[in-house]
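Thanks for making the time this morning.

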Amino acid sequence: MKNSKLQISWLKFYEQCKADIKLWCYFIIVQQICRLYFICALSHFLSSETKFTTILYAMVHGIRFDSLWATCWLFIALIGFTLPSLFTAQISYITKQKWRRYLGGVFTIVTMILCVASIEYFREYKDVFNQFLFGWLYDDKIAILKTIYAQHHVIPNFILLIVILLLYAKYSRYFITDKHQTNVALQYSATRKVALSVVITLFYIIGFRGSVGHRPIQLKDAGVTTDAFLNKAIISPYSALKYAIDDYQDINQAEHGDVSLSVHDMQVIANMKKTAKGSTLSQPRHIFVIIGESLDAWPLQRQYDEFNLTPNLHKIIADDRSIYFKYFLPCASGTMETLNTIIAGVLDAGQHINYQKSAHSPYPTALATQFKKLGFTPQFFYGGYLSWQHVGDFARAQDFVSVYGAAHIKNWQQTNEWGVDDRTLFEFIATTIKAAKTPTFNVIMTTSNHPPFSIDLEREGFHKEKIAKLLAQYPNTNTNVNELGHIWYADKTIGEFIKKITAIDSTALFAITGDHFGRRHILPNPSSFEVTAVPLIIYNLSLCKTACLTAGSHLDLSATLIELVAPKGFTYYAMGDNLLDKRKFNLGIGPDKIITPDFIASVYSPDIMCFKASACAAVSIDALKDRFKQATNISRYIIKKGAILYATEPLYKAK
């Protein structure tokens, strides 16, 4: 009798396991369909050299990642339906199959949502989820939701999900559930039953590990093809989301961990106190730092001249009264992090300076502080809303006397969820400058070259037809005519603004740069330089053009501008260097890269791109990488500790 009960319990367990394995196979198939959809939807990112067999191999290899998450979902059935079958008979086999079908439905919806989200995310960030996914924690959530709705095919994707759910509801009973259990397994021998039990146990273990080897599946196992996009497609959206969470936690841990400095680091901090050599320019009355939203360096390269996207910047660069820094990097990959670095004068270094307690008062390296002591009135202009990431509060805390946002401009004829268009912003600034009674130092952050790309380009006179013909030569392009038109519009409004301001003040000094790479390019796989670099253009009517083979970054902007206008003997604090002077390191520090006039290289990998064939033959970049790490450590220390490391003696005060 006892053996009979054990056999029946084992039979129920075995039948439930068979149903679980069938459900597991369904989980795998759904994830494979999603992977295929991902590859097809973004096929223009595939390398032209990638063969069908390589794609097929990537699909098969992706099963290892799918197996992990299929097994994780299966644990719900194992704990909820399968294991209890060993001990109770109160719930019928058919009822458990219905519950299993419901589980399959939840899995289908969640997986499809992640699949669609990963496609839209990749279009924006060229990755299947990363730590930037959590930027919404600090960002304007309403604006982000509006952008998602306007830019990322919400309605079509929603309809797709509804259709899939209806199809699942109608047909799932044919491939997930069985109406009746069989009793064939009762006739199995004891040895066979033990063997089957071992196989079932190994199935769960191997499935969860995604591997039969000595270690479970890892992120590096995705890099099995020479196609970077295909390698990203191998990673399950579930795995990508997990790695994004892990990276975000690591960043937070780095932010809150202890930071110690070496004696050499302390010496570097001591050298942040600098003395100006004396300006050779006619003293400007107004200074403008224009930070263009997604203002890339690539449209300024000769190979893209036929698109004519930046005629005004090209004209300024060609002017004998400008200096163009080609080898120039942003210090961050996001707008707020870039503003943090420029405004505070230290690397953001993943610390979200604008949320730090130490940022409640100005850092001695703060840009506004330096120019206030030079006799300028610091002003901050943002085309968006000052509540975004508390940018208004941060600018005020960092010594900007006047802070203006979209709400101050009051012209809403051309707006989107991020604020007013660039022309409206620049017109407001010009009006403000006309009324200024004192010299001003102005930091400007634009917004128009950003989703939802809502500028009426036809009204602006954009050469749409010509761009469409040129873009047709790039069938796998990563952008479209409308997006390129907004690069052109941003350039147009900058040109208009500079012309208008120089008519008001012929002494005006301009520094034009971008906040970060715009994540959009004509080519599907542009070079490392083109997906990182932003321009820096300095323009003044009394400036003398010099041949410039200097590399730098936003960290060097403060010292460069101060040295251009400060009198001899003016004492200031800057972490970076004067780009117009001889430096120990001809180097620019980016978010995870360094640049020189010879190459651009990743700090955390051996990746390096040389600008000349012979440039990297005898290059040793260890010292340059050490400089990057040193700057990062010092910045984190200053951000955590505040200004306690700086000298307390007063700065030079302009008379």
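When I speak of a helix here, I mean a DSSP run of H or I with at least four residues, numbered from the N terminus. Please keep in mind that this is a predicted model.

In that sense Ile 342 is found in helix H11, which covers residues 335-344. Ile 342 counts as buried because its relative accessible area is 3%, under the 20% cut-off. Leaving aside residues up to four places away in sequence, Ile 342 touches Ile 291, Leu 367, His 554 and Leu 557. From Ile 342 to Pro 330, twelve residues apart in sequence, the C-alpha to C-alpha separation is 9.6 Å.

Let me turn to helix H6, residues 190-209, whose 20 residues reach 29 Å from first C-alpha to last, close to the 28 Å expected at 1.5 Å a residue. Which residues of H6 are buried? They are Lys 193, Ile 200, Phe 203, Tyr 204 and Gly 207, and because they cover an arc of only 85 degrees around the axis, they sit on the same side of H6. On the other side of H6, Ala 190, Thr 191, Val 194 and Val 199 are exposed. After H6 comes Gly 210, with a positive phi near 65 degrees.

Finally, Asn 578 lies in the loop between strand E13 (571-573) and strand E14 (588-589), and at 14% relative accessibility Asn 578 counts as buried. A polar atom of the Asn 578 side chain lies 3.0 Å from the backbone nitrogen of Leu 580. Not counting residues up to four places away in sequence, Asn 578 touches Ala 559, Thr 560, Glu 563 and Arg 583.

Conventions: Residues numbered from 1 in each chain as written. Predicted model: local features only at pLDDT ≥ 70, side-chain atom pairs only at ≥ 80, totals over all residues. Heavy atoms only, no water. Helix = DSSP H or I, 4+ residues; strand = E, 2+ residues; numbered from the N terminus. Buried < 20%, exposed > 50% of the residue type's maximum accessible area, 1.4 Å probe, protein only. Polar contact = N/O pair within 3.5 Å; in protein donor to acceptor, adjacent residues only side chain to side chain. Contact = heavy atoms within 4.5 Å. Expected span 1.5 Å × (residues − 1). Arc of directions from axis to C-beta.
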